[in-house]
Amino acid sequence: MATPHNKAEKGQIAKTVLMPGDPLRAKFIAETFLEDPVQFNDVRGMLGFTGTYQGRPISVMGSGMGMPSIGIYSYELYTQYGVENIIRIGSAGSYTDKAKVYDVVLATAAYSESSYAKTQNGCTDDTLKPSAALCDALRASAAKLGIPLVEGTIHSSDVFYRHDDRKDPTYWEILRDEKGCVAVEMESFALFHNANVLGKRAACLLTISDSFVSSEVTTAEERQNSFTNMMKVALGAEV
């Protein structure tokens, strides 16, 4: 049952998958939080593991960077491996002082200029929503753990290094003020689209790793190993 991108066999992947972008973050989560984790994939270095958390089967797998990458992996998980729930757990840049470094953001929608949805099935919507039920499960988990969530629309961008001479207002300020975006990342729009098309569930939790409105930043090691509040909320969601 292996695909060109995933060598797992039927039954090796749980119904719920947590998807960080970084495969090393997937490895960290598996080794830190899961009981008896078993690696099911290493194709292209995209590590995936299945174990249990508080008695519930959970898988965790990297998605890579950008919408084309998560688009491939999430589509295969939904269609080839019987996955029902994918929770993206990633990093983001803040567009507002309401979301500070290390804050956990729950995406209530993803806005994007990407052509992913249009190319995939002709969808022309520029804003897509996650599963309401999955978001409610994440809210309940966060409340139980006493971890506050910043909620709002996020910007899913195809471009990390933007070459833009716009100065006043800048592009990100336009997206914050006109679209209500609280932060920027690069994957959730495609994930939400795949879930909507296939009748599955998807959600997104983000930890703020840097900010457009302050000088706060995090290191690559911190992003890999220290975003534990987000991980605990995702793991604790009962779906």
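Buried means under 20% relative accessible area, exposed over 50%, and partly exposed in between, with a 1.4 Å probe and protein chains only. The notes below use these words in that sense.

1. Basis. The model is predicted, so local features need pLDDT of at least 70 and side-chain atom pairs count only at pLDDT 80 or more, while totals for chains, interfaces and linings use all residues. Residues are numbered from 1 along each chain as its sequence is written, and side-chain values use heavy atoms, with hydrogens and water left out.

2. Cysteines. C204 counts as buried, at 0% relative accessibility. C181 is buried too, with a relative accessible area of 1%. How many disulfides does a search of the whole structure find? The search gives zero, a disulfide being a pair of cysteine sulfur atoms within 2.5 Å. For C181, the closest cysteine sulfur is in C204 and lies 12 Å away, too far for a bond. C204 is likewise in no disulfide, as its nearest cysteine sulfur, that of C135, is 9.0 Å away.

3. Largest pocket. The largest pocket holds about 820 Å³ of space. A pocket here is an open set of points, on a 1 Å grid over the protein atoms alone, where a 1.4 Å probe fits, with protein on both sides within 12 Å along at least five of seven lines; lining residues have an atom within 4 Å of a point. The volume is the space filled by probe spheres set on the points, which are joined across faces, edges and corners. There are 30 lining residues, and S91, F160, E185, M186 and D210 are the closest to the centre.

4. Make-up of the lining. Helices (H or I, at least four residues) and strands (E, at least two) are DSSP runs numbered from the N terminus. At least two lining residues come from each of β5 (85-94), α5 (171-179), β9 (181-185), β10 (201-211) and α7 (220-225). β5 gives the largest share, five residues. By class the lining has 11 nonpolar, nine polar and 10 charged residues. Nonpolar covers Ala, Val, Leu, Ile, Met, Phe, Trp, Tyr, Cys and Pro; charged covers Asp, Glu, Lys and Arg; the others, Gly among them, are polar.

5. Helix α5. Y171, W172 and L175 are the buried residues of α5. Seen down the axis, they fall within an arc of 105 degrees, so they line one face of the helix; the arc is that of the directions from the helix axis to the C-beta atoms. D177 and E178, on the other side of α5, are exposed. The cover over the buried residues includes β6, β8 (149-156) and β9, contact meaning heavy atoms within 4.5 Å. G180 follows α5 and has a positive phi, near 75 degrees.

6. Helix α6. Is α6 (residues 188-198) mostly covered or mostly open? Eight of its 11 residues are buried, which makes the helix mostly covered. The buried residues are S188, F189, A190, L191, F192, H193, N194 and A195. Just after α6, G199 takes a positive phi of about 70 degrees.

7. Positive phi outside glycine. D36 is not a glycine, yet its phi is positive, about 50 degrees. D36 lies in strand β2 (residues 35-41) and is exposed, with a relative accessible area of 66%. Y102, also not a glycine, has a positive phi of about 80 degrees. Y102 sits in the loop between β5 and β6 (104-111) and is partly exposed, at 37% relative accessible area.
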